[in-house]
Amino acid sequence: LPENQLLPTELRREALALQKELEFDFDTPGGATSSQDDEYRWAGVEPPKVMVTTSRDPSARLRLFAKELCLLLPGARRMNRGRAELGALVGACRAAGVTDLLVLHETRGRPDGLTVSHLPHGPTAHFTLSGAVLRQEGDTRGNRGGYGEGHGAIHGAHRGSQGCSDPIHVPPQVGTILKHLFPVPRPDSRRVVTFANEDDVILVRNHVYRRRGRTVELEEVGPRFQLRPYLIRLGTLEQGDAADVEWRWHPYTATAPKRRLLSAT
């Protein structure tokens, strides 16, 4: 520097090699180092702390659905919304160390929306929710054995995903967001939560299984519902439109299979 001369070539190479060695002393749990995955870099080191709430003045069915969603997510807790604004709600969750905030929406008593905001910096995913069937309804009536044995809140749950990373319709971030709502399952867990992608609709199913000799009995305990992502923002929930859009569903993206079919003919 005092002589205002460039460094020799061998010193430059040595400096670059040292910089690469000191960049990371150990591998992160997720194995990803891009800025896109920074939010979930340390996911899995500690169990997630999930908070579930609803929109203002919820109906009785939406409150019941929020309660059952807490049973679906191990360790999740439900909070009454009251008159709290989004800014105060997110601030309280940050202060309490909450990692994910889930907000349920409804239309005339029918659950039709789910927002998942990862704290403290995002991202925030918006889903359209449909086909909600509670445990007291439909085929899941009376099947309470899985939760009665305590597998939901104590032992965690095995999670399975199928086709949740379609590069055209469903982005890979959706699988990451849903996966990290669950803690690392214990080997003795007997509950399986499935996310299956069928025609851009994510089917959510909750089952318990029992081993009978060489056979396995599968029993659905509910609740069941469908999710369809339509927007992912890089910020948190209270930022709203000020946060950058990472992914957005466009109607014309659904014509990709048709274009391939027409080009083949």
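Predicted model: local features only at pLDDT ≥ 70, side-chain atom pairs only at ≥ 80, totals over all residues.

**The pocket, the cores and selected residues**

In the largest pocket, 22 residues form the lining, and Trp42, Ala43, Gly44, Glu46 and Thr99 lie nearest the centre. What is its lining made of, by class? There are 10 nonpolar, seven charged and five polar residues in the lining.

Let me turn to the chain as a whole. The protein chain has 265 residues, and 39% of them are buried. Its secondary structure consists of 11 strands and six helices. As for the contacts in the chain between residues at least 6 apart in sequence, 62% join residues at least 24 apart.

I come now to the nonpolar cores. The largest one holds 34 residues, and the members that touch the most others are Val52, Leu102, Leu104 and Phe225. Which element gives this core its largest share? That is helix α2, residues 60-72, with six residues. There is also a second, separate core of nine residues, with Met51, Cys93, Leu101 and Val103 among them.

If we set aside neighbours within four places in sequence, Leu104 is in contact with Leu62, Phe65, Ala66 and Leu69, among others.

Next, the cysteines. How many disulfides does a search of the whole structure find? The search returns zero. For reference, a disulfide is a covalent bond between the sulfur atoms of two cysteines. Are Cys70 and Cys93 buried or exposed? Buried means under 20% relative accessible area. Cys70 has a relative accessibility of 11%, and therefore counts as buried. Cys93 has a value of 2%, so Cys93 counts as buried too.

Finally, I would draw your attention to a histidine. His207 belongs to strand β8, which covers residues 201-212. The relative accessibility of His207 is 15%, and His207 is therefore classed as buried. Which residues does His207 touch, not counting those up to four places away in sequence? They are Arg190, Arg191 and Val192, together with Leu218, Glu219, Glu220 and Val221.

Thank you for your attention.

Methods. Residues numbered from 1 in each chain as written. Heavy atoms only, no water. 1 Å grid on protein atoms, 1.4 Å probe; cavity = no way out; pocket = protein on both sides within 12 Å on 5 of 7 lines; lining within 4 Å. Nonpolar A, V, L, I, M, F, W, Y, C, P; charged D, E, K, R; others polar. Core = buried A, V, L, I, M, F, W, Y, C linked by side-chain atoms within 4.5 Å. Buried < 20%, exposed > 50% of the residue type's maximum accessible area, 1.4 Å probe, protein only. Helix = DSSP H or I, 4+ residues; strand = E, 2+ residues; numbered from the N terminus. Contact = heavy atoms within 4.5 Å. Disulfide = S-S within 2.5 Å.
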